Amino acid sequence: MIRSDEGLLMLKIYDAENFPNPKRVRLALREKGALDQVEFVPVDVKSGELRTPEMRAKNPDATVPFMELEDGTVIGRCNPIIEFIDATFDGPSLTGAAPQERAHISAMNLRVEEGLLDAGADYFHHATAGLGPDLETDQVPAWGERQKRRTQETARYLNGVLADQEYLAGDNFSVADITAFTGISLAGALGLLPDEDLAHLDRWKAKVAARYES
Ligand SMILES: N[C@@H](CCC(=O)N[C@@H](CS)C(=O)NCC(=O)O)C(=O)O
């Protein structure tokens, strides 16, 4: 890829730093030692910037993160962006190498994304004030409560998975751990986690958090 005068790759990541999904991409870049290799473009999610006609023309998903490549190609959503990052930068693989390993990681990643992170976000958007009345125009509170229960079911399931292995897809850290760490952090912040002993999940969470302490 082409580099700018400052030595950055011509790769722009549009994001909002403290939002959960943008955090997934930042953690992936960090795992690859490439946080300083891209240009971050801040987006004001709460003001509705994503939903303006200009922004929708660039990014029809109307969500962050999305990336823009040097030829103007725009790609949205965390999973394709992280696949791109994983293939572009050196460092341990986040998405696996052999076909079976890749499929296994991808399946766990999607299970965690839907059951934990998306479910927690659904609770936030539907059962709380979410991003405020201007943006949360179609709330279904019962759906939010249903998704809270799904978050809790997934947390219990992950606790069971982690009873027998170090990381969610096996012995090695992967993108599934990034998605789950972000999802558990969101669920914790929203008070969604079940009020019971999930010791394996707690041990795993502390271990992943330690990767990002320095
Ligand atoms: N599955 C999408 C989720 C993206 C998403 O929902 N991002 C949130 C921020 S964490 C967003 O842009 N929300 C804007 C809105 O709800 O209007 C992905 O993988 O990127």
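**One residue and its surroundings**

Modeller: I begin with the whole chain. Residues 24 or more positions apart account for 67% of the contacts in the protein with a separation of 6 or more, where contact means heavy atoms within 4.5 Å. This is a predicted model, in which local features need pLDDT of at least 70, side-chain atom pairs count only at pLDDT 80 or more, and totals for chains, interfaces and linings use all residues. Residues are numbered from 1 along each chain as its sequence is written, and side-chain values use heavy atoms, with hydrogens and water left out.

The part to look at is Glu39, which lies in strand E2 (residues 39-42). Strands (E, at least two residues) and helices (H or I, at least four) are DSSP runs, numbered from the N terminus. Glu39 has a relative accessible area of 36%, so this residue is partly exposed; that class lies between buried, under 20%, and exposed, over 50% (1.4 Å probe, protein chains only). Buried residues make up 45% of the 214 residues in the protein.

Asp122 is 83 residues from Glu39 along the chain, and their C-alpha atoms are separated by 29 Å. For scale, the C-alpha trace of the protein spans about 55 × 45 × 35 Å along its principal axes.

The protein has 7 helices and 4 strands, and their order along the sequence is β-α-β-α-β-β-α-α-α-α-α.
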